[in-house]
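Hello,

Here is the structure I promised to pass on. My notes follow below it.

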Amino acid sequence: MTDPKPTMPPESCGGSSCGTRREFLGAATAAMAAALTGCGTLSKEEFLQRNFRELSKQEVLDVIARLEKEYKAKYGKDVKVANTPAIPGVIFGYALDLSRCIGCRRCVHACVKENNQSRDPEVQWIRVLQMDKEEGVNLQHADQYYNPEEVPQEGHFYMPVQCQQCKKPPCTKVCPVGATWREKDGIVVVDYNWCIGCRYCMAACPYGARHFNWGEPNLPADQVNTNTHYLGNRPRPKGVVEKCTFCIQRTRNGQYPACVEICPTGSRKFGNLLDKDSEIRYVLENKRVFKFKEDLNTQPNFFYFYGV
Amino acid sequence: MKHPSRCSCPGPIPPPSCGTVSRKDIPMRFPTLYMLAAGLLMLLSSAAFAEPPTVKPPAGTRAENPVAPEGIEVPKPPFSEGIFPCTSCHDGKSMKPNLKRRELTDMHTDIVLNHGPASRWCLDCHDANSRDSLHLASGEKVPFTASYLLCGQCHGDKLRDWRVGVHGKRTGHWNGEKQYLLCVHCHNPHSPRFKPLKPMAPPTPPEQIQLRKGGVR
C-alpha cells in the first residue's frame with residue numbers, strides 16, 4: 001500500500017510544538033500523504049521505502065527490523081522476517097503426479113497455515129480442480145468447489161493448480177512498478193511494500209495463481225507462522241497481490257514446501273532442476289510429463305506427470 | 001485416476017530400468033546380477049542387494065528408528081496395538097504351525113485379505129517358523145522393517161520409484177536428509193488400495209462471500 005511517488009519531501013513535525021511555517025508544511029505533507037494513500041497508519045519510513053531490489057544491505061535490515069516491530073505490536077509474537085537469498089546453482093522445480101492426487105485438499109490448507117494467508121476474506125494459493133476422466137485436462141469441465149463425503153470420486157481426477165513459477169512469467173512483465181520479479185532460483189516473488197494493487201498481474205496470469213487482498217487480511221494471532229520471509233509469507237497488508245512462492249522461507253533453507261510435506265499420497269515432488277540426482281530430474285527424465293497451458297510459452301518450472 | 005489418453009503402464013517387472021536404477025549410485029555389479037539371475041524373485045532376494053544402493057543423501061542415524069538392511073531409514077512398521085512380536089503367541093511350542101491353506105476362524109478374523117489372487121494366504125508372506133519376520137518367495141527371511149523388499153517382488157516398478165524418492169511421500173530436506181515411509185504406512189498390506197479420504201473444506205463460492213462491515217474498497 002505504498003504510494004509509488006517517492007518525490008514527497010521527507011519532512012515531518014519534529015515534536016508537538018509545530019510552530020514554524022516549515023514544520024507546519026511538513027505536517028501538512030504528512031497529512032496529505034496519508035490522505036493520498038488512504039492509509040492513515042502508514043509510517044514515514046514505510047511511505048518512503050524504495051523497491052526492495054534497490055535497497056542497500058543496511059536498508060534491508062532496517063526495513064526488516066521495522067516490520068518485525070510492527071508484527072510484534074500487531075500479533076504479540078516475535079515474527080522472524082528472513083531475507084535469505086537464492087542458493088547459487090539451484091533452480092527449483094516442482095512435479096505433481098496426476099495419477100496419484102486424490103483431491104483431498106490437505107495441501108490447500110497446509111499452505112494457508114504455513115504462508116499466513118488471510119482466513120477471512122479467504123485467500124488460498126492452491127486451487128484443486130476436479131476434472132472428468134472422460135474429458136482429460138479440460139478447464140471447461142473443471143470444478144473447484146466439489147465437496148463429496150469421500151474423494152476420489154468415481155470418474156474424476158484431480159489437478160491442483162498453483163503458481164507455476166514460469167521462466168517467462170507474464171505477470172512480472174505487466175507490473176507497472178516492478179513490484180514483482182523472478183528470483184535467481186526461479187521463484188516469482190512480490191514486494192508487498194512496493195505493490196500498488198493495480199492487479200494487472202492477476203489479469204496477465206493464465207493460471208489464476210495470483211490473489212488480491214480485497215479486505216484487511218484477517219490472520220488470528222495464535223495462527224501466525226512466525227518463520228517468515230520478506231518476499232514470502234510475512235503477513236501482508238490490504239490492497240496487495242500475493243502468490244505461491246514454493247514456500248521460499250522453507251525451501252531456501254533446504255526444507256520441502258509445506259504442500260509436499262502434507263500430501264498423504266506423495267503426489268508432490270520438489271527439488272533442484274540443476275541437480276541430476278534429484279527426484280525432480282528423475283521424474284522429468286523417466287515419467288510422462290506435461291506443462292499446463294504449454295502453448296502460451298510461459299515455460300513453467302511446475303510440471304504435471306503420470307507416475308503409474 | 002490415470003489420464004485416459006495416456007495409458008501405457010510400465011510392466012510390473014523392471015529390467016529395462018536397470019540404467020535408471022544404477023544412476024543412483026548402485027554398484028556396477030547390480031545390473032550384471034540382473035542379467036545373470038534366473039528370475040525376478042531371485043533378484044529381489046537380499047543377496048542381490050547385499051551391497052545396498054545408497055539413497056542420496058545417505059540417511060542419518062537416528063537411534064529410535066530401526067535401520068533397514070539397505071540403509072534406507074524408515075520409521076517403525078505400523079503394527080496394530082499389542083500384536084508384535086508375533087512370537088509372544090506363535091512361539092512354536094504351545095501352538096504347532098498349521099501349514100494348511102485355509103480361512104482363519106479363531107484369531108485374526110479382523111484381517112480381510114484383499115490383495116492379489118484369492119488363493120493367497122498368511123504364510124505366503126509371513127514366515128511359519130520365524131514368526132517375527134517375513135519371507136520372500138525364495139524363502140529368504142526379511143524383517144518387517146524391510147518389508148518393501150517383499151512388496152517389490154511383484155511391484156518392482158513401484159519399488160524402483162520408491163528408492164529414488166518418486167513413489168510415496170518424502171519429508172525433510174530436498175537437499176539433505178529425507179525421511180522415507182514403508183509401503184505399509186500408506187497401504188495396508190492385507191488390503192493395499194489407498195483408502196478414500198474426506199476432503200477438507202472447499203473454497204467459499206463467490207455468491208456466498210459476505211460483505212463485512214466497512215466493506216471492501
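**Backbone points to check**

A:R105 sits in the loop that runs between β2 and α4 of chain A. This is a predicted model, so please read every value below as computed from it. The phi of A:R105 is near 65°, a positive value in a residue other than glycine. Is A:R105 buried or exposed? A:R105 is buried, because 26 other C-beta atoms lie within 10 Å.

A:N297 also has a positive phi, of about 60°, and is not a glycine. Its place is the loop between β12 and β13 of chain A. A:N297 counts as exposed, because it has 11 C-beta neighbours inside 10 Å. The cut-off for exposed is 12 or fewer.

Two peptide bonds deserve a look as well. The bond from A:D120 to A:P121 is cis, with omega near 5°. A:P121 lies in the loop between α4 and β3 of chain A. The bond from A:V151 to A:P152 is cis too, with omega near 0°. That proline, A:P152, belongs to the loop between β4 and β5 of chain A. As background, most residues other than glycine have a negative phi, and most peptide bonds are trans.

**The β4-β3-β5 sheet**

In chain A, 3 strands form an open sheet in the order β4-β3-β5, with antiparallel pairing. β4 (142-143) and β5 of chain A are at the edges, each with a single partner strand, so one side of each has no neighbour in the sheet. β3(A) and β4(A) pair over 2 bridges. Across that pairing, A:M131 stands opposite A:A142 in β4(A).

How many residues of strand β5 (residues 156-161) of chain A are buried? The count is 6 of its 6 residues. Both faces of β5(A) are covered. A:H156, A:Y158 and A:P160 are on one side, and A:F157, A:M159 and A:V161 are on the other. In general, side chains in a regular strand alternate between the two faces of the sheet.

**Cores and packing**

The largest nonpolar core has 68 residues. Among those with the most contacts inside it are A:Y94, A:C111, A:C195 and A:F246. Elements of chain A that give two or more residues to this core include β2, α4, β3, β5 and α9. The largest share, 5 residues, comes from α4(A). Beyond its neighbours up to four places away in sequence, A:C111 touches A:W125, A:I126, A:A258 and A:C259. Apart from this core lies another, of 15 residues, among them B:V142, B:F144, B:A146 and B:L182.

In α9(A), the residues A:E279, A:I280, A:Y282 and A:V283 are buried. Down the axis of α9(A), the buried residues fall within an arc of 160°, so they line one face of the helix. They pack against β2 (92-97), β11, β12 (288-290) and β13 (302-306) of chain A.

A:W194 is in the loop between β7 (188-190) and α6 (200-204) of chain A. A:W194 counts as buried, because it has 20 C-beta neighbours inside 10 Å.

Chain B has 6 helices and 4 strands. Along the sequence, they follow the pattern α-α-α-β-β-α-α-β-β-α. Of the 217 residues of chain B, 18% count as buried.

pLDDT stays under 50 over residues 1-68 of chain B. Where pLDDT is low, the predicted coordinates should not be read in detail. The mean pLDDT of chain B is 73, and 64% of its residues reach 70 or more.

For the complex, the predictor gives an ipTM of 0.82 and a pTM of 0.78. The contact takes 46 residues from chain A and 35 residues from chain B. In chain A, α4 (106-114), β11 (268-272) and α9 (279-286) each supply at least two residues of the side that touches chain B. By class, that side of chain A has 18 nonpolar, 17 polar and 11 charged residues.

Best wishes

Methods:
Residues are numbered from 1 along each chain as its sequence is written. Chains are lettered from A and ligands numbered from 1 in the order in which they are written. This is a predicted model: local features need pLDDT of at least 70, side-chain atom pairs count only at pLDDT 80 or more; totals for chains, interfaces and linings use all residues. Two residues are in contact if their C-beta atoms, placed from the backbone, lie within 7 Å. Ala, Val, Leu, Ile, Met, Phe, Trp, Tyr, Cys and Pro count as nonpolar, Asp, Glu, Lys and Arg as charged, and the others, Gly among them, as polar. pLDDT is the predictor's confidence in each residue, from 0 to 100. The arc is that of the directions from the helix axis to the C-beta atoms. Two strands pair if DSSP finds at least two bridges between them. A nonpolar core is a set of buried Ala, Val, Leu, Ile, Met, Phe, Trp, Tyr and Cys residues joined through C-beta atoms within 7 Å.
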